[in-house]
Amino acid sequence: MPRCAALLLASVALALPLSLGAAAAGEAARASDAAAIRARLTGWAEAFNAGDATRACDLFAADLQSDVETAAAGDKASVCARLNAALAKPDRRLTYAVAIHDILVSGDMAAVRLTWTSTLSAPDNSGPDKGESWAEQGLDVFRRDPDGVWRIVRYMAYGTR
């Protein structure tokens, strides 16, 4: 075998395990990021359902922009004001559950396709009718902020009823 071919073969043999290792490490990092984003979304539902608007608002980046079918385009201040208003109604209780369909992570950005199910009921869930439920499909764009926390920077939601 000529010397040049042997050197090329040796360099490929050395580089292949390194590139496979880098690919595995990248996949592990994406899986870890997806798990962190999943935890942020389920944590948001827990915070909202517990009436903790401050913790719920922490899911959103300072430069948030939102588009929701039933509301005017919003920023973080307007979204958090709507959350506070929803939680302040003593005559009804609004709760959320999330179903996450896809999380696509690329570096410090991620896209999440999901469905939020909302239920509106009496504050104590009393009576034969436990409440009215409806679903909203959504696409959330997350960014890892400088503090390392994943936050929603853009989102769109539309109802399915």
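User: Which residues does Ser118 touch, not counting residues up to four places away in sequence?

Analyst: Please note that this is a predicted model. In it, Ser118 touches Leu94, Thr95, Tyr96, Glu132, Ser133 and Trp134. Ser118 itself is found in strand E3, which covers residues 109–121.

User: Is Ser118 buried or exposed?

Analyst: A residue counts as buried under 20% relative accessible area. Ser118 is therefore classed as buried, its relative accessibility being 1%.

User: In what order do the strands form the sheet?

Analyst: Strands of a sheet pair through backbone hydrogen bonds, and the pairing may be parallel or antiparallel. Here five strands form an open sheet in the order E1-E5-E4-E3-E2, with mixed pairing. Because E1 and E2 stand at the edges with a single partner strand each, one side of each has no neighbour in the sheet. From one strand to the next, the twist averages 20 degrees.

User: How many bridges join E4 to E5?

Analyst: E4 and E5 run antiparallel and are joined by nine bridges. Across from Arg144 stands Trp150 in E5. Helix H3 packs on the sheet, where H3 touches E1, E2 and E5; the direction of H3 makes about 75 degrees with that of E1.

User: What is the volume of the largest pocket?

Analyst: The largest pocket has a volume of about 750 Å³. Its lining comprises 31 residues, of which Val68, Thr70, Arg82, Tyr96 and Glu136 are the closest to its centre. By type, the lining of the largest pocket divides into 20 nonpolar, four polar and seven charged residues.

How values were computed: Residues are numbered from 1 along each chain as its sequence is written. This is a predicted model: local features need pLDDT of at least 70, side-chain atom pairs count only at pLDDT 80 or more; totals for chains, interfaces and linings use all residues. Side-chain values use heavy atoms; hydrogens and water are left out. Helices (H or I, at least four residues) and strands (E, at least two) are DSSP runs, numbered from the N terminus. Buried means under 20% relative accessible area, exposed over 50%, partly exposed in between (1.4 Å probe, protein chains only). Contact means heavy atoms within 4.5 Å. On a 1 Å grid over the protein atoms alone, a cavity is a set of points where a 1.4 Å probe fits but cannot get out, and a pocket is an open set with protein on both sides within 12 Å along at least five of seven lines; lining residues have an atom within 4 Å of a point. Grid points are joined across faces, edges and corners, and a volume is the space filled by probe spheres set on the points. Ala, Val, Leu, Ile, Met, Phe, Trp, Tyr, Cys and Pro count as nonpolar, Asp, Glu, Lys and Arg as charged, and the others, Gly among them, as polar. Two strands pair if DSSP finds at least two bridges between them. Axes are lines fitted to C-alpha atoms, for helices over the stretch in contact, and angles run from 0 to 180 degrees between N-to-C directions.
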